[in-house]
Amino acid sequence: MPEFLVKRDRFTVRENKKSAAGACACILAAADLWGIIGVWNRRLMAGGLSPASIVVVRNFGGMALLAAVFALKDRSMFRVRRAHLKYFFGTGVISVVLFTLCYFTCQKLCSLAVASILLYTAPSFVVVLSAILWKEPVTRRKLAALGLTLVGCALVCGVFAGDLTVTVPGILLGLGAGFFYALYSIFGRYALAHYDSMTVTVWTFLFAGPASLVLLRPAELAAAFSARPSLWLVAVGLVVFSTVAPYILYTRGLSQVEAGRASIMASLEPVVASLAGVLLFQEPMGALTAGGIVCVLAGVYILR
């Protein structure tokens, strides 16, 4: 082979590795930002907002922010083919809104630990669906990472700590939350075949924002924000740092990484949430939690 072709191939390999590394970094950064969502949620709930109202703030606020930015910056972002709206209905309504409804309802019927670990069955759904739809290989490395992250999430969420409340409707709703959560990666991959990651994110919230209004409680929102104006800053933090930014980052990473692999890597989220609780709210960290963190990190490392 001529020397210039060898050099070109080596350059291509290096560029592909850099691109893959950048995509993985985006996914891990998204998991970090999702992991600190409790920092904003706790302050909003302390100010009088219910979980349902927080969903409205997240999704409608995310829509308003993205729509305002691109109305000024690049209106071409709003032009998509009508035939492709089904993908954004999938990411925005079927995934973002329905997973939230199932998850919050599961939290009412089961222990929080049970609801959390059922939500993190999402990577399993993504791996199976990706293998069926796109013939993504189910490798030993991927299965090992999936097993480690699932066990790690269970330990971090406190599933083995005892005193758990479990009901059949709650389990079904929790599995539904994991399934709908997983569908973002599935519908997102279809949308990314036609549009860039930013367009997919914008249109996801153009659907998720209005759909979330079914949870709207105007009196509750008015009372909370009028009594404590500082909540507006907390709401902005939630929308910018734990809603819009992580979805942009995750979708960008998903455009270059297998859906199953991306979903497993995003399981870093409960680890960050646990560490945030320890550092910011002085929550205790037991041996089981520490072991769970090690398991999740090992699973993510396997997929490096």
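In α4, the residues L85, F88, F89, T91, G92, V93, V96 and V97 meet T199, V200, W203, T204, F207, A208 and A211 of α9. Contact here means heavy atoms within 4.5 Å, and helices (H or I, at least four residues) and strands (E, at least two) are DSSP runs, numbered from the N terminus. The residues of this contact of α4 with α9 divide into 11 nonpolar, four polar and no charged. In that division Ala, Val, Leu, Ile, Met, Phe, Trp, Tyr, Cys and Pro count as nonpolar, Asp, Glu, Lys and Arg as charged, and the others, Gly among them, as polar.

The model is predicted: local features need pLDDT of at least 70, side-chain atom pairs count only at pLDDT 80 or more, and totals for chains, interfaces and linings use all residues. Residues are numbered from 1 along each chain as its sequence is written, and side-chain values use heavy atoms, with hydrogens and water left out.

The axes of α4 and α9 come within 8 Å and cross at roughly 55 degrees. That angle makes α4 oblique to α9. Axes are lines fitted to C-alpha atoms, for helices over the stretch in contact, and angles run from 0 to 180 degrees between N-to-C directions. Angles under 35 degrees count as roughly parallel, over 145 as roughly antiparallel, 65 to 115 as roughly perpendicular and the rest as oblique. The crossing of α4 and α9 is right-handed; a crossing has that hand if the near helix is turned clockwise from the far one by less than a right angle, and is left-handed if anticlockwise.

Helix α4 also packs on α3, at an angle of about 165 degrees and with the axes 11 Å apart. That makes α3 roughly antiparallel to α4. This crossing, too, is right-handed. From α3, P51, A52, V55 and N59 meet V96, V97, T100 and F104 of α4. By class, this contact has six nonpolar, two polar and no charged residues.

Y184, A191 and L192 of α8 make the contact with S197, V200, T201 and T204 of α9. These residues divide into four nonpolar, three polar and no charged.

Grid points are joined across faces, edges and corners, and a volume is the space filled by probe spheres set on the points. The count comes to one cavity of 30 Å³ or more, and the largest cavity has a volume of about 140 Å³. Its lining includes W34, Y120, Y184 and Y247. α8 gives the most to this lining, with four residues. By class, the lining of the largest cavity has 10 nonpolar, two polar and no charged residues.

The largest pocket holds about 1300 Å³ of space. Of its 42 lining residues, I37, Y103, Q107, S116 and A273 are the closest to the centre. Elements that give two or more residues to the lining include α3 (51-73), α4 (85-109) and α13 (269-281). α13 gives the most, with eight residues. The lining of the largest pocket has 27 nonpolar, 11 polar and four charged residues.

Methods. On a 1 Å grid over the protein atoms alone, a cavity is a set of points where a 1.4 Å probe fits but cannot get out, and a pocket is an open set with protein on both sides within 12 Å along at least five of seven lines; lining residues have an atom within 4 Å of a point.
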